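This briefing describes a structure for a reader who is new to the subject. Please keep the sequence and the three-dimensional view at hand while reading.

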Amino acid sequence: MPRSVTTGTSSKIRRLLNILGPFFGLLLVVVLFGILLYVQDIRSEMEFDGATGFNAFVETARSIELKEDGTFPGLKAFISGANFKIIFIQTVIVAIGALGMTMIIVSGGIDLSVGSVVALSSVVGATLLVKEFSPATTILLTILAGGGIGLINGLTIAGLRMMPFIVTLGMMGIARGLAKWIAGNQTVNSPPSVVNAIMAMNEPMQFFPLPPGVWIAALLAVGMAVIIRQTVFGRHVFAIGSNENTARLCGIRVRSQKVLIYAIAGLFFGLAGLMQLSRLTQGDPTVAIGLELDIIAAVVIGGASLSGGTGSILGSMIGALIMAILRNGSNQMGWPNYMQEIIIGIVIILAVGLDRFRQKRNQAA
Amino acid sequence: MTIPRLRMRAVHKSFGATKALRGVDLEVLPGEVHALIGENGAGKSTLMKILSGAHAPDSGTIELDGKPFSPANPLRARHSGVAMIYQELNLVPHLSIEENILLGEEPSRFGWINRARRRAIAANALAELNHESIPLDAPVSSRPVAEQQIVEIARALIGESKVLIMDEPTSSLTDVDTQNLFLLIRRLREKGVSIIYISHFLEECQQVCDRFTVLRDGESVGTGLMSETSLQHIIRLMVGREIEDTYPRQPHTLGETALKLENLAGRGKPRSVTLSLRKGEILGIAGLIGAGRTETLRACFGLDQVESGKVWIESTERTRSTPSERLKDGIGLLSENRKEEGLMLNRSLADNLTATRYGPAARLGFINSRRHREISLRLMEQLEVKAQGPDQTVGELSGGNQQKIALGRLLHHDADVLLLDEPTRGIDVGSKVQIYRLIGQMAASGKAILFVSSYLPELLGVCDTIGVMCRGVLSEVRPVSEWTEHSIIAAAIGHAN
């Protein structure tokens, strides 16, 4: 292997680029939809004028001038504060799930049971409210329900030395079944309570005030970023994902660490379930099917590798935002649902492909 | 005058800003074993990758039998008669030996494999190497490393090789297997195959090679007849300076017993190991591959299960344990396998150095990045690690520097007993000497060191006492002055006295 002779400054620039990379992705997505909506606005204006051919070109130029005073309904709706408020609210559940999932994926694992756990804990929460438990108790027990499932996942994976994929695939079915059982196979309508306020949207026409759920997600993200980057626990998570053999050699208690990782992640999934309950104001055992894949996609777009050892909370949060913007922008464009699915699929492959390309170039330099 | 089999002239190759090759000349004659010598990073691997078609040179000419040779990819190179055997064996472990020998070149018609022909070709290839006893149907993973290497050579020879490149072929072989390999190399030479032999073991090159070329910093700096050149001269060419002492010795005194093993046995291996290691002592363990040396260290460190026997640390019996408890007791293990066990290749130098003990850099579980960097920088200076800084990932370093990081972790942990498994495997002469010096310093400061190695000169040069393991048993440890290379080999193959 050739010995690297890069200077200190260029490696600093590279590191900066690595940090800024996801931000560029986010910006790119916003700008891209901005342009698309802008073009659509102009074209709909032109159709209205009925201009064609060269005239259309002239008309376009003129209409750009005309539109300086600002009647781009699509573009304006997209970049408005009110719309970003919606995007943030739509991001919360995926983002909170991604906090737990990032930790699991960095440690070299995976959790496929998230969607079911979210449904289960939302049903648990709704049922508790129906049975007139206090909101505080309900919130606590809803989160703990997720944590309990995570603990069982962790104990099975570490205790029986099983593949996380298999264990959580099984748990996906178990938790979904439990949710339906508890809910009696129908939705549970919860009575109005403080819980509903967590994700309630007040003043829909402006950015502030954001619902408490958004702030909670943001605060937890900062907390997790510090924990994963700056604590011994976080380094051990990276160590296990990077090379489990080395972690064992270095005296890290790999098995108990894994139990802890899945249990903590479970708490986040329980919280995501609480958010789900608050948003729908009911416990629905069939909600959030496939949510785990959205969450995994967010984490992977954010730069984590499924083979473990790399990933960041910041990246995952931006990944979650990108997913929400893609959905929102496609809606604004009036694209059908199937187009959204295709586009999101392409973005996942592009994002990860670009990342691999960048890493390869980093190694060659 | 004969036309050389292979002639490379003024070959240049850059990767980005890095000049890997800055003018290399290499000439190999028909039926010659040619040693390609150089420290890690000197450009040997790059040169051989160009020759085998994995990279294209930026400039320079290559001729094979007098004709221009520029293979577009490894398969083309192989079809032209240039085959390479990599340092890490390139076999598919689950497939059978027969399938591996003809992998990618299966005799077939319309996509259907002609099994009878494949079998005949594979059997013939092994017979030519005088190894017809290797079972063709066994999965490769079930066979010992030495046989796997034979399979690899057989694969390379399928297509009428003219030039065979062997990259560190003996690094995972025992002495007996190495001698067998040399017999094989001589037989190939008699058939007119030219062999480019890359090795860090200069004594081996002297045994088996006819001529040599030395690379240093991407340039060829010397070539000559092996028989007419002293090793000292070659080493001088390699490092560009004289290494005054290959095995620097530091005076150290032996103290009390630090670690005692009593009839230690694990699952399968080891069967019975008895030894006692004193503070300030360097105790070498020699033996063939598969004798149970690595397993002894692993059982001792709590990585593998202890079936019977006892482990004493200082004067308390602590037989059953886990790696985390052993580390707390002040015992550290250096793994023989840097890439798969020893290091986290995609993590930073700093994280790799401090993985066992974040304590000095952390407070209440929170790591102080500045302290962490400082501690790592100090260790890197002490170990003379060549790297960009503590944040660089370990995987980007050369083998020697990687090994220093792995050793640095034990240093940072301040372990009192060090279990070192092949600490100098696959690294260059300069780094080796630094590691010997470091081991000496640690012994001088009262650390107890168990040193497992397959390279006898270093065991004899570095250790105070040596024990030889044979088939899972180690019973007798004698002072180094009572051993010779010959007596160690005799003990290792079970022909003591």
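**A strand pair in chain B**

B:G332 has B:L418 as its bridge partner in β21(B). The structure is a predicted model, in which local features need pLDDT of at least 70 and side-chain atom pairs count only at pLDDT 80 or more, while totals for chains, interfaces and linings use all residues. Residues are numbered from 1 along each chain as its sequence is written, and chains are lettered from A and ligands numbered from 1 in the order in which they are written.

- The strands concerned are β18 (residues 331-334) and β21 (residues 417-421) of chain B, which pair in the parallel sense over four bridges. Two strands pair if DSSP finds at least two bridges between them.
- Helices (H or I, at least four residues) and strands (E, at least two) are DSSP runs, numbered from the N terminus.
- From β18(B), B:I331 and B:L333 point one way and B:G332 and B:L334 the other way, and all are buried. A residue is buried if 20 or more other C-beta atoms lie within 10 Å of its own, exposed if 12 or fewer, and partly exposed in between, with C-beta atoms placed from the backbone.

**The six-stranded sheet of chain B**

- An open sheet of six strands has the order β6-β9-β10-β3-β11-β12 in chain B, with mixed pairing.
- β6 (82-85) and β12 (219-225) of chain B are at the edges and have a single partner strand each, so one side of each is left without a neighbour in the sheet.
- From one strand to the next, the twist averages 20 degrees.
- Within chain B, strand β3 (residues 33-37) runs parallel to strand β10 (residues 194-198), and four bridges join them.

**Covered helices of chain B**

- Seven of the eight residues of α1(B) are buried, among them B:K44, B:L47 and B:I50.
- After α1(B) comes B:G53, with a positive phi near 90 degrees.
- Helix α9 (residues 293-301) of chain B is mostly covered, with nine of its nine residues buried. The buried residues of α9(B) include B:R293, B:E295 and B:F301.
- B:G302 follows α9(B) and has a positive phi, near 85 degrees.

**Domains of chain B**

- Chain B is assigned domain 1 (6-239) and domain 2 (257-492); such bounds come from an automatic or database domain assignment.
- The centres of domain 1 and domain 2 of chain B, taken over C-alpha atoms, are 32 Å apart.
- Domain 1 of chain B gives 16 residues to the contact and domain 2 of chain B gives 15 residues. Two residues are in contact if their C-beta atoms, placed from the backbone, lie within 7 Å.
- On the side of domain 1 of chain B that touches domain 2 of chain B, α6 (175-190) and α8 (231-239) of chain B are the elements that give two or more residues. α8(B) gives the most to this side, with three residues.

**Chain A**

- Chain A has 15 helices and two strands, and 44% of its 365 residues count as buried.
- The domain assignment of chain A gives domain 1 (7-76) and domain 2 (80-364). Their contact takes 14 residues from domain 1 of chain A and 16 residues from domain 2 of chain A.
- α1(A) supplies the largest share of the side of domain 1 of chain A that touches domain 2 of chain A, namely 12 residues.
- Helices α6 (residues 135-159) and α7 (residues 164-182) of chain A pack at an angle of about 145 degrees, and their axes are 10 Å apart.
- Among the residues that meet are A:I149 and A:N153 in α6(A), and A:P164 and A:V167 in α7(A).

Methods:
Axes are lines fitted to C-alpha atoms, for helices over the stretch in contact, and angles run from 0 to 180 degrees between N-to-C directions.
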